[in-house]
Amino acid sequence: MDMDWPYFPLFVRVADLEVLLVGGGEVALRKARLLTKAGARIALVSESVHPGFAEMATAVRVMGPRFAPEQLEGVRLCIAATSDETLNRQVAAACEARGIWVNVVDDPLASRVITPAIIDRSPVLIAIGSAGQAPVLARRLRERLEATIPFGTGRLARFIGEARKRLKGRINPDQSRRLWEYFLDSPAAEALLHGDETLAQPTVDQWLAGGQIRQGEVWLVGAGPGDPDLLTFKALRLMQSCDVVLFDRLVPGAIMDLVRRDAERVFVGKRRDQHTVPQAEINAELLRRAQAGQRVLRLKGGDPFIFGRGGEEIEPLARAGVPFQVVPGITAASGCAAYAGIPLTHRDHAQTCLFVTGHARADGQLSLPWDTLARRGQTVVVYMGLSTLDVLCAAFVAHGLPGDWPCAMVENGTQPNQRVVVGVLADLPRRVSEAGLSGPSLLIVGSVVGLHQTLGMPARRAAS
Ligand SMILES: C[S@@+](CC[C@H](N)C(=O)[O-])C[C@H]1O[C@@H](n2cnc3c(N)ncnc32)[C@H](O)[C@@H]1O
């Protein structure tokens, strides 16, 4: 017969069933674990029983060491999971003869039913099957989906399920569909996903009272130091749900490509006249758009709360009562250090690590606590220190560190064009200038820098 699907996907309630499981090894144990999660009891047929079955002892009844067709009496579902292919097929044939649904592990041809790869956000379950043809591919797909489906999805589904029960008969199916469409796009749904249940019921009540629940909000999201693989799951999810994104120079194209395609893009890094959009204008734009009902993604390089003005950007929102979330990102210090093979702390080198800014004040002066910074036994990471590098290095020496104290500059850290220039305080400015570093660069000062030659990934080591 011509068919599009070799199997029909179906969820089966097994809570009131005893499932016959033939086989007592590791594979059978995995099946038993899944079945008991769904409330099934297990009738086990096996000569030897894996000790792992002890954890579900109350749900397992050992029927005997050997399979006999009479054991199928009253059975509706059977799983053959022995390492003996002939025995598995005998079990399958006996089941087929009695109209019992059977699954034979790793043998789709002998199986009436097959089990999928599962993403568990109970009560939401996502099943992926490849008709038994490419189980490894199905598992890979599952891993990918695992990364994008929030762990709080189950909480969201439970809330909707409970509320639908309460609302049964009070609203018609069309209203119900519209309510949940609105709800899923609301800040309340987002809050539920990360464990805050306080907004959910009031949002539903507001909708029932005839109000709109489409409310804007701002997500202040750290995009990390540049490698898209370093995004958090949450960052990626919000990037794919926003109406508009406000971004700046530090966020590379490879990360912007992951933002929802039809979201509006607003660049706030530099204007055409090369001046940064004033902070007050960015703050006002975030507020204006959220109040107009948009889900606004403010995407920032690294971590928004580390030299990212994140605090300044959410202050007006907090004052105006606009919902917002802050999502941390990997800060440049962590990213650059890891990818350059320079541990920021190390028992033999540094017990303290300080992050400071090398950005000069409007009067051109650096205002830094030099007595605290110019010390051995610690690592100092200087953000925004490229243009003031010579002043910084000279100040470290003037306040007590030797001229041959190790330091390094990491440019475009974690990105394919990362460059590391290693030197000492006395010569790093010259080396950096000769190398022509001009992208985002981070200065690391401390004897941990000496570890770069051994711990740096070979392709990313500085030329010595
Ligand atoms: C305004 S600060 C933002 C820092 C960001 N919020 C963070 O947590 O990484 C910009 C500075 O961060 C550093 N930086 C950011 N990304 C970097 C990267 N990929 N490689 C090297 N330095 C980087 C540079 O010192 C740059 O001048």
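The protein exposes about 24,600 Å², and carbon and sulfur atoms supply 53% of that area. This is a predicted model. Buried residues make up 45% of the 464 residues. The fold holds 16 helices and 17 strands.

**Overall shape**

- The C-alpha trace spans about 90 × 60 × 45 Å along its principal axes.
- The radius of gyration is 30 Å, whereas a compact globule of 464 residues would have one near 23 Å.
- Among contacts with a separation of 6 or more, 63% join residues 24 or more positions apart.

**Helix H5**

- H5 covers residues 173–184, twelve residues in all.
- From first C-alpha to last, H5 reaches 17 Å, close to the 16 Å expected at 1.5 Å a residue.
- Ser-176, Leu-179, Trp-180 and Phe-183 are buried in H5.
- Those buried residues fall within an arc of 90° when seen down the axis of H5, so they line one face of the helix.
- An α-helix has 3.6 residues a turn, so residues three or four places apart point the same way.
- Asn-172 caps the N-terminal end of H5. One of its side-chain oxygens lies 2.7 Å from the backbone nitrogen of Gln-175.

**Helix H12**

- H12 runs over residues 332–340. Its buried residues are Ala-333, Gly-335, Cys-336, Ala-337, Tyr-339 and Ala-340.
- Strands that cover these buried residues include S13 (352–357), S14 (378–383), S15 (406–411), S16 (419–424) and S17 (441–445).
- Helix H16 (452–455) is also part of that cover.
- Gly-341 follows H12 and has a positive phi, near 65°.

- Arg-289 sits in helix H10 (residues 279–291). Arg-289 counts as buried because its relative accessibility is 8%, and the cut-off for buried is under 20%.
- The side chain of Arg-289 makes a polar contact with the side chain of Glu-264, at 3.0 Å.
- Leaving out residues up to four places away in sequence, Arg-289 touches Val-244, Leu-246, Glu-264, Val-266, Gln-294 and Val-296.
- Ala-235 belongs to helix H8 (residues 233–239). Its relative accessibility is 0%, so Ala-235 counts as buried.
- Ala-235 touches Val-221, Gly-222 and Val-327, again leaving out residues up to four places away in sequence.
- The C-alpha atoms of Ala-235 and Thr-148 are separated by 9.9 Å, though these residues are 87 residues apart along the chain.

**Backbone features in loops**

- The peptide bond from Ser-122 to Pro-123 is cis, with omega near 10°. Pro-123 lies in the loop between strand S6 (117–121) and strand S7 (124–128).
- Phe-307 is a residue other than glycine with a positive phi, near 45°. Its place is the loop between strand S11 (295–300) and helix H11 (310–320). Phe-307 is partly exposed, with a relative accessible area of 39%.
- Met-384 is a residue other than glycine with a positive phi, near 55°. Its loop runs between S14 and helix H14 (389–398). Met-384 is partly exposed, with a relative accessible area of 39%.

Key:
Residues are numbered from 1 along each chain as its sequence is written. This is a predicted model: local features need pLDDT of at least 70, side-chain atom pairs count only at pLDDT 80 or more; totals for chains, interfaces and linings use all residues. Side-chain values use heavy atoms; hydrogens and water are left out. Helices (H or I, at least four residues) and strands (E, at least two) are DSSP runs, numbered from the N terminus. The expected span of a helix is 1.5 Å times one less than its number of residues. Buried means under 20% relative accessible area, exposed over 50%, partly exposed in between (1.4 Å probe, protein chains only). The arc is that of the directions from the helix axis to the C-beta atoms. A polar contact is a pair of N or O atoms within 3.5 Å; within protein, one must be able to donate a hydrogen and the other to accept it, and residues adjacent in sequence count only if both atoms are side-chain atoms. The radius of gyration is taken over C-alpha atoms; the globule rule is 2.2 Å times the number of residues to the power 0.38. Contact means heavy atoms within 4.5 Å. Accessible areas come from the Shrake-Rupley method with a 1.4 Å probe; for residues, only the protein chains shown count as cover.
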